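Me: Can you walk me through this one? Start with the overall picture, then the aromatic residues.

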Amino acid sequence: MHNLHIERSNVTPEILFIPASQRMEIAGECYPENPLPFFQPLLHTLQQYFEQQRPTRFEAHMQLQYINSASTMGLRALFALLDRAGHQGTDIRVVWAYDAEDDAIEELGMDLVEDYHHVQLERQPLSLA
């Protein structure tokens, strides 16, 4: 399986998925006009990865400065996929980094894992000032 790298744009975050390290990183702002086509390559690649590789552990590092409500649906689909992988035995850990003064992004991370029992969230407040 190959690495997946989606470059950051003015309205989308950078995504880096490295199968060999069992790790994914998402960083930046996310407010594309139509978020589903943006998230689809990542969701497809991760689904194949979890089905074919069945890793024992997986880490997702996320640092979003802004995300619109439409893009939140893409993140929910991502978390649902991670939860399914966790249900099948992968230890899923999400490191949710956020500006310590941004309550909305902090709460979003907690809301995203609220319905999932197989995703462990580690909140990481940052001082971005």
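**Burial and aromatic pairs**

Reply: Of the 129 residues in the protein chain, 43% are buried (under 20% relative accessible area with a 1.4 Å probe, protein chains only; over 50% is exposed, in between partly exposed). This is a predicted model, where local features need pLDDT of at least 70, side-chain atom pairs count only at pLDDT 80 or more, and totals for chains, interfaces and linings use all residues. Residues are numbered from 1 along each chain as its sequence is written, and side-chain values use heavy atoms, leaving out hydrogens and water.

Me: How many aromatic pairs are there?

Reply: The count is 7 aromatic pairs, taking rings of Phe, Tyr and Trp (its six-membered ring) with centres within 6.5 Å; planes under 30 degrees apart are stacked, over 60 edge-to-face, the rest tilted. One of them is Phe 17 with Tyr 49: the ring centres are 5.0 Å apart and the planes at 75°, so this pair is edge-to-face.

Me: Where do Phe 17 and Tyr 49 sit in the chain?

Reply: Phe 17 is in strand S2 (residues 14-18) and Tyr 49 in helix H1 (residues 35-53), 32 residues apart. Helices (H or I, at least four residues) and strands (E, at least two) are DSSP runs numbered from the N terminus.

Me: Are Phe 17 and Tyr 49 buried or exposed?

Reply: Both Phe 17 and Tyr 49 are buried.
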